[in-house]
Amino acid sequence: MRLLKNYTKIKEKLPKIGELIKSAYLYQILEKLKTKNIDNKIIQKAFNRYIKIFGIDPEIGNIIEFAKKAGYTLGFSNIKEGDRFNWWHEEELPSDIFS
């Protein structure tokens with residue numbers, strides 16, 4: 001993440017960098033959901049972190065529905081939703097959405 005953070009000074013690159021980071025986080029969540037017996041709190045934390053950074057978008061919405069069908073109990077009432085256009089204002093983006 002630190003390496004990508006250096007490129008956030010190039011405003012034209014921000015949308016592509018954001019899409020790359022989003023894709024990485026979404027992949028991490030999907031891979032974790034494929035693992036059996038994952039603690040509900042871990043999955044909830046990852047969703048909360050993603051939403052805080054990027055907001056709710058169709059991709060995360062689909063994964064949330066997948067997780068619910070898999071039996072996870074999720075709630076999103078007290079999350080300050082981020083903005084996919086202003087994600088770079090996060091102080092420190094985690095390299096792993098679960099960390």
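Residues are numbered from 1 along each chain as its sequence is written. The model is predicted, so local features need pLDDT of at least 70, side-chain atom pairs count only at pLDDT 80 or more, totals for chains, interfaces and linings use all residues, and side-chain values use heavy atoms, without hydrogens and water.

Me: Why is the pair Asp57 and Lys22 called a salt bridge?
Reply: A salt bridge is a side-chain nitrogen of Lys or Arg within 4 Å of a carboxyl oxygen of Asp or Glu. The closest N and O atoms of Asp57 and Lys22 are 3.0 Å apart. That is within 4 Å, so the pair qualifies.

Me: What makes this pair tie together separate parts of the chain?
Reply: Asp57 lies in the loop between helix H3 (40–54) and helix H4 (58–69), while Lys22 is in helix H2, so the parts they join are 35 residues apart in sequence. Helices here are DSSP runs (H or I, at least four residues), numbered from the N terminus.

Me: Why is Lys22 called buried?
Reply: Buried means under 20% relative accessible area, exposed over 50%, and partly exposed in between (1.4 Å probe, protein chains only). Lys22 has 4% relative accessibility, so Lys22 counts as buried. Asp57, at 7%, is buried too.

Me: How do you know that Glu19 also bridges to Lys22?
Reply: Their closest N and O atoms are 3.9 Å apart, so the pair meets the salt-bridge rule. Both residues lie in helix H2 (residues 14–34), 3 residues apart, about one turn of the helix. Glu19 is partly exposed, because its relative accessibility is 38%. Glu19, Lys22 and Asp57 are linked in a network of salt bridges.

Me: What makes a set of residues a nonpolar core?
Reply: The set holds buried Ala, Val, Leu, Ile, Met, Phe, Trp, Tyr and Cys residues joined through side-chain atoms within 4.5 Å. The largest core here has 25 residues, and Phe47 is among those touching the most other members. H2, H3 and H4 each give two or more residues to this core.

Me: Which residues does Phe47 touch?
Reply: Contact means heavy atoms within 4.5 Å. Beyond four places away in sequence, the contacts of Phe47 include Ile29, Leu33 and Phe76.
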